[in-house]
Amino acid sequence: YIWSAALETLNFLPIEAADPFTGVLVLGWGRAPGSNTQFRATVLIQDPALEASSLKVAMQKRNGPASVETNKRIEDAILTRARQLRIAALKR
């Protein structure tokens, strides 16, 4: 669920590399809707458990790394979406 949620949450960034066996997603430069700032991201999914420790996101801006707060907000958004996907799958 985390893999799918990460792809959905960061769908404004093009996929440069994806390896589901190692849990690494590398996403290229793009802008979030309504933002003028360009970002790119690397996502590491360490465990399929829907917990904060399962996921690490490193966002980067053109002028350097994004803030810790930005990375945390993206991680929270991915985990929230992953939980929604799991709930939807259980209802089927």
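## Basis of the model

The model is predicted: local features need pLDDT of at least 70, side-chain atom pairs count only at pLDDT 80 or more, and totals for chains, interfaces and linings use all residues. Residues are numbered from 1 along each chain as its sequence is written, and side-chain values use heavy atoms, with hydrogens and water left out.

## Overall layout

The chain holds 2 helices and 5 strands. Helices (H or I, at least four residues) and strands (E, at least two) are DSSP runs, numbered from the N terminus. In sequence order the pattern is α-β-β-β-β-β-α. With a radius of gyration of 13 Å, close to the 12 Å that the globule rule gives for 92 residues, the chain is as compact as a globular protein of that length. The radius is taken over C-alpha atoms, and the rule is 2.2 Å times the number of residues to the power 0.38.

The C-alpha trace spans about 45 × 30 × 20 Å along its principal axes. Of the 92 residues, 33% are buried, meaning under 20% relative accessible area with a 1.4 Å probe, protein chains only.

## The sheet

The 5 strands form an open sheet in the order E1-E2-E3-E4-E5, with antiparallel pairing. E1 and strand E5 (64–65) stand at the edges, each with a single partner strand, so one side of each has no neighbour in the sheet. Two strands count as paired if DSSP finds at least two bridges between them. Strands of a sheet pair through backbone hydrogen bonds, either parallel or antiparallel.

Strand E1 (residues 15–19) is joined to strand E2 (residues 24–31) by 4 bridges, and Ala17 has Val26 in E2 as its bridge partner. These two strands form a hairpin with 4 residues between them, where Gly23 in the turn has a positive phi of about 80°. E2 also pairs with strand E3 (residues 38–45), over 6 bridges; here Leu25 has Val43 in E3 as its bridge partner. The hairpin of E2 and E3 has 6 residues between the strands, and Gly34 takes a positive phi near 85°.

## The helices

Helix H1 (residues 2–9) lies across E1, E2, E3 and strand E4 (55–61), at about 10° to E2. Helix H2 (residues 68–91) lies across E3 and E4, at about 135° to E4. Axes are lines fitted to C-alpha atoms, for helices over the stretch in contact, and angles run from 0 to 180 degrees between N-to-C directions. Contact means heavy atoms within 4.5 Å.

Definitions and conventions
Buried < 20%, exposed > 50% of the residue type's maximum accessible area, 1.4 Å probe, protein only.
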